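Please walk through this complex step by step. Start at one residue, then widen the view to each chain and the contact between them.

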Amino acid sequence: MAISHDPWVWAAALLTLAIYSFLYKDNPFYKFAEHLYIGVSVGYFLYFIIWQQIVVPLIYDPLKALFISPFHAKELLIIPPLILSIMMLGRISPRHAWLSRWPMAYVMGMGAGLAIPAYFQTNIFKQIEGTIISIPPATIEIVTTYYLNKLLVLIIVTCVLLFFYFSREHKGALGKATMLGRWFLMLGFGAAFGYTVMARVSLLIGRLDFLLHTWLGIH
Amino acid sequence: MWQKVSNLDRRWIYLGVAICAALPLILEFILPIPATPPVKRLFDAIENMPPGHFILLSMDFEPSTMPELLPMAYAITQHALSRGIKVGFMTLAPAGPGMIEIVLEDIRKAYPDRKYGEDYVNFGYKPGLSAVILGIGEDIHRVFPRDAYGTPLEDIPMMREIHNYKQIDLVISLSGAGYPDAWLLYANARYGQAVATGATAVMAPLYYAYLATGQFVGMLGGLKGAAEYAELVRKAGYMRIPEVQHRVGVQMSSQSFVHIYIVLLIIVGNIAFFFIRRSGGR
């Protein structure tokens with residue numbers, strides 16, 4: 001056992017314990033760690049994202065270059081987005097809020113134009129194709145499993161889609177199919193919940209490993 | 001008695017979880033970790049790549065998901081560099097640069113024969129998500145004019161021949177949020193770029209659909225995926241930082257213990273519920 005002598009490891013360990021102390025009950029140590037975390041996050045965001053990644057490289061540097069060589073085409077390109085950015089700030093004042101509609105329209109139009117075809121390609125066409133065709137088997141031994149899997153996928157997708165068909169009462173054959181669809185959905189939710197438990201436990205294990213291994217040096 | 005079980009103070013349950021998680025970490029034993037097909041597919045994709053090719057490792061995560069995703073980054077980087085494959089590190093997450101530095105610090109020590117700028121490069125962070133991914137499709141030099149340390153990209157030897165997705169053999173997005181979806185939307189659908197993912201366990205179920213259609217080359221799901229990949233890398237003899245593989249293996253044993261404990265709690269909780277209902281209690 002070799003306890004760490006690194007002050008930063010100690011700081012991280014004590015803050016971890018302060019956060020986990022909430023599991024027992026709310027207390028001042030937890031409140032301190034929580035407020036410190038929020039403060040650090042906001043400070044990091046303001047300096048690293050807003051200042052270092054946006055203001056300096058995207059506004060200050062191009063404007064400086066524009067000032068030095070005003071008629072250079074590359075530098076002139078900064079002007080339209082800069083005007084739109086300033087118009088976006090109109091939202092601060094209710095009187096000038098209408099100004100922000102222009103940049104907002106541009107962002108929405110561009111975003112939709114880029115995302116809609118890609119979204120259809122990724123989530124509709126490829127997924128329908130996958131339901132019908134899927135990846136072919138690599139070896140002849142797994143051909144039977146491949147077709148069984150394909151049949152299963154087709155049945156499950158159809159039953160789940162029928163469950164969301166509300167224009168007819170779920171009775172008779174449709175009722176049976178939708179009942180199956182509900183069971184398949186429950187299975188899906190169960191699997192997703194299992195994965196969520198695994199993710200949360202992983203985070204706890206990561207912290208415990210840090211406390212036991214890195215901080216206390218238990219090997 | 002069942003009423004007592006039903007009303008058990010939740011702090012006892014937390015204590016049980018802590019003991020189950022801590023025991024394997026203290027005793028340091030590793031249970032077998034067989035590789036599942038999604039992990040094997042990503043391993044094979046890198047294993048079959050000729051030396052000198054280039055993969056882009058987008059470490060799109062922050063400290064909150066570090067326990068699951070950082071071991072993946074270590075394992076993939078060691079696999080690629082050991083095989084002579086060039087690696088470009090980048091991140092779309094604001095706190096991602098710190099994650100890249102943690103990996104690179106150990107990689108520099110473990111791979112003195114691999115040179116920065118010739119075998120691997122760190123592009124750092126760039127805000128803009130879709131604009132960044134689409135921009136790389138045009139020219140990565142325009143998206144990242146300089147690397148994370150301020151060196152112009154044209155002065156970095158390995159970047160002279162890499163300009164867009166045509167020269168990038170595989171993109172791997174390690175993430176606990178929706179970043180892999182964005183890589184699929186803008187790099188795979190638009191440019192036909194091969195994309196793989198390492199996702200947190202919360203996100204993994206969503207990505208099985210993309211895996212089945214081949215839109216994702218492979219997937220590492222949560223700590224389990226990381227442990228499986230690390231084990232494959234160790235077995236293939238590429239592991240130069242064995243401590244990472246050991247820790248992730250021990251953590252998986254811890255995970256198994258906690259899962260058994262939770263399953264037992266669910267069974268006991270349900271039995272208590274049925275007995276209380278039978279006796280007319282609420």
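**From one residue to the complex**

Thr214(A) is partly exposed: 15 other C-beta atoms lie within 10 Å of its own. The cut-off explains the label, because a residue needs 20 or more such atoms to be buried and 12 or fewer to be exposed. Everything here comes from a predicted model.

Where does Thr214(A) sit? Its place is in helix H7 of chain A. Set aside the neighbours within four places in sequence, and Thr214(A) is in contact with Ser4(A) and Val9(A). Gly130(A) is another matter. Thr214(A) and Gly130(A) are 84 residues apart along the chain, and their C-alpha atoms are separated by 46 Å.

Stay in chain A and turn to helix H2, residues 28-68. This helix has a kink of about 55° at Val55(A). How many of the 41 residues of H2(A) are buried? The number is 0, so H2(A) lies largely in the open.

Now the contact between the chains. It takes 37 residues from chain A and 36 residues from chain B. On the side of chain A that touches chain B, H2, helix H5 (101-132) and helix H7 (172-215) each supply at least two residues. H7(A) gives the largest share of that side, 17 residues. By class, the chain A side has 24 nonpolar, 10 polar and 3 charged residues.

Next, chain B. It holds 11 helices and 6 strands. Its C-alpha atoms fill a box of roughly 75 × 35 × 30 Å, taken along the principal axes. Of its 282 residues, 47% count as buried. Take the contacts in chain B between residues at least 6 apart in sequence: 74% of them join residues at least 24 apart.

Zoom in on one pair. Strand E4 (residues 170-175) and strand E5 (residues 195-199) of chain B run parallel, joined by 5 bridges. One residue of interest is Leu174(B), whose bridge partner in E5(B) is Gly198(B).

Finally, confidence. The mean pLDDT of chain A is 89, and 95% of its residues reach 70 or more. Within chain A, helix H3 (residues 73-76) has the lowest confidence, at a mean of 74. Helix H1 (residues 7-20) of chain A has the highest, at 96. Where pLDDT is low, the predicted coordinates should not be read in detail. For chain B the mean pLDDT is 93, and 99% of its residues reach 70 or more. For the complex, the predictor gives an ipTM of 0.87 and a pTM of 0.89.

Definitions and conventions:
Residues are numbered from 1 along each chain as its sequence is written. Chains are lettered from A and ligands numbered from 1 in the order in which they are written. This is a predicted model: local features need pLDDT of at least 70, side-chain atom pairs count only at pLDDT 80 or more; totals for chains, interfaces and linings use all residues. Two strands pair if DSSP finds at least two bridges between them. Helices (H or I, at least four residues) and strands (E, at least two) are DSSP runs, numbered from the N terminus. The bend at a residue is the angle between axes fitted to the seven residues ending there and the seven starting there. Two residues are in contact if their C-beta atoms, placed from the backbone, lie within 7 Å. Ala, Val, Leu, Ile, Met, Phe, Trp, Tyr, Cys and Pro count as nonpolar, Asp, Glu, Lys and Arg as charged, and the others, Gly among them, as polar. pLDDT is the predictor's confidence in each residue, from 0 to 100.
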